[in-house]
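Here is a walk through the charged pairs of one protein model. Keep the structure open as you read.

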Amino acid sequence: MSQTAPQKDFEVAVVGGGVVGLTCTIALQKAGVPVQLFEAASAFGEIGAGIGLGSNAVALLKQLGLWEDVLKRGNSADLNLQSFAYSTGVGEHKTVWKFPAVMPDDEALGIHRADFLDALVSHVNPANCHFHKRLTNITESPTNPKRLLLHFLDGTTHETDVVLGADGIKSAVRKVLLGGKDDHVAFSNTVAYRGLIPYADLQAAGFKMNLADNPACVMGLNKHFIIFLVRGSELVNVVAFSARYDIEIGDANLRDGAPWVELSTKEELKKVYEGWGPDISILLDHMPEQPSKWSIHVVHPPLESYSKGRIALLGDAAHGMLPHMGAGAGQGLEDAYMAARLLGHPSTNASNIEAVLEVYSEFRKPRAQMVWDGSRYTGKVYDGNGPHGLDFEKIQEDLPPKTHFYPVWHHDFEEEFGQVVSLLRERGAFA
């Protein structure tokens, strides 16, 4: 773990110790920005199984010097996530499209969330990490109105200059930023069943899809599967989606207190996907007896801004989205990279932080919203609700790579950062 000696006249508090919060903390450390990380749990940990890292995320991890450690834990055998084989769910699983990696040298990785987190933890200064710190409020410091006071459930407080909320879809920081009003979270009308299966077990049972060559997207009416290898191709990560499109997002929110993640049963899963083809039947037979069932929530309607004063949001706290492009984590990493690079810029100081965070929001919001919209549309296509409905032979027309996928996976961060700095200079925030 390397760290540059602090060179700033302000301190940052990162709330949330998931992959986005950890990545941001590491980037701030490397930039010489004093930073403290606060996590509600007793230790670093991620719920869920597989996570997708597109070539945009890989590029940022390389910039931060984290990629090699991530790859060691993810295994180079899993470097095929950006190429997909699309097939029909009912019948003999006819392959209708094989989408290659966007460019020959593209790298994209499917990795277990815990493995990704482990790779990041080794780069963060443990002295700056604080656990059992569940945020309840942020107020003005009683001794300095330009500083902020974080309040935690255990009764402790922490004074800082900047707060970055990377605390996920249920973000406490977002609620503060919005002034305690509607927190812009809604049920997406989509449920995901998740599980991990040994690949050898599926192959022994006659499973024919070759996941070593391509991850699979298996499509049907209002439902689809995303299936890819993790842990050095030993395990199959299964995500089975079921959605409703007859109502709008937010029209059927869960009752107060209802769990967003709960255990289901293999029997429920088989009932939901009754009548699907032979490979899916084998897959369902080998799912865990109690797969996890996720009621996917999203930030909706979009926030007007990702910042207010000296508080800014990152990742799912800002733009929690449907996972149908495998791009949500990448957008969170882009947030972390942009925020840390801006705060570490030589011209950023305690007097211009608000202007810096405002421009962070102005640049990050349209790009993240573009991916949010694209992810929702992609799910509709996979579920037979796109322009060509259940005519999956025309999926390539509904998801043209150059206009749909390329803008997500390929983004010129240097050009964008140059534009950000130029705008700050135009506004007089930077000399």
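Start with Arg244. Its relative accessibility is 45%, so Arg244 counts as partly exposed. The side chain of Arg244 meets that of Asp246 in a salt bridge, with 2.8 Å from N to O. Asp246 has 57% relative accessibility and therefore counts as exposed. The model is a predicted one.

Why can such pairs form? Side chains of opposite charge can pair when their charged atoms come close. In this model, the count comes to 18 salt bridges.

Now move on to Lys266. The side chains of Lys266 and Glu289 also meet in a salt bridge, at 3.1 Å from N to O. Lys266 sits in helix H7 (residues 266-272), while Glu289 lies in the loop between helix H8 (278-285) and strand E17 (292-299), so the pair ties together parts 23 residues apart in sequence. How exposed or buried are the two partners? Glu289 counts as exposed, because its relative accessibility is 52%. Lys266 is buried, with a relative accessible area of 9%.

The next stop is Glu334. A salt bridge joins Glu334 to Arg364, and their closest N and O atoms are 2.8 Å apart. Which parts of the chain does this pair link? Glu334 belongs to helix H10 (residues 328-343) and Arg364 to helix H11 (residues 353-382). These are distant parts of the chain, and the two residues are 30 residues apart. Both Glu334 and Arg364 are buried. Glu334, Asp335, Arg364 and Arg367 form one network, joined by salt bridges that share partners.

Definitions and conventions. Residues numbered from 1 in each chain as written. Predicted model: local features only at pLDDT ≥ 70, side-chain atom pairs only at ≥ 80, totals over all residues. Heavy atoms only, no water. Salt bridge = Lys/Arg side-chain N within 4 Å of Asp/Glu carboxyl O. Buried < 20%, exposed > 50% of the residue type's maximum accessible area, 1.4 Å probe, protein only. Helix = DSSP H or I, 4+ residues; strand = E, 2+ residues; numbered from the N terminus.
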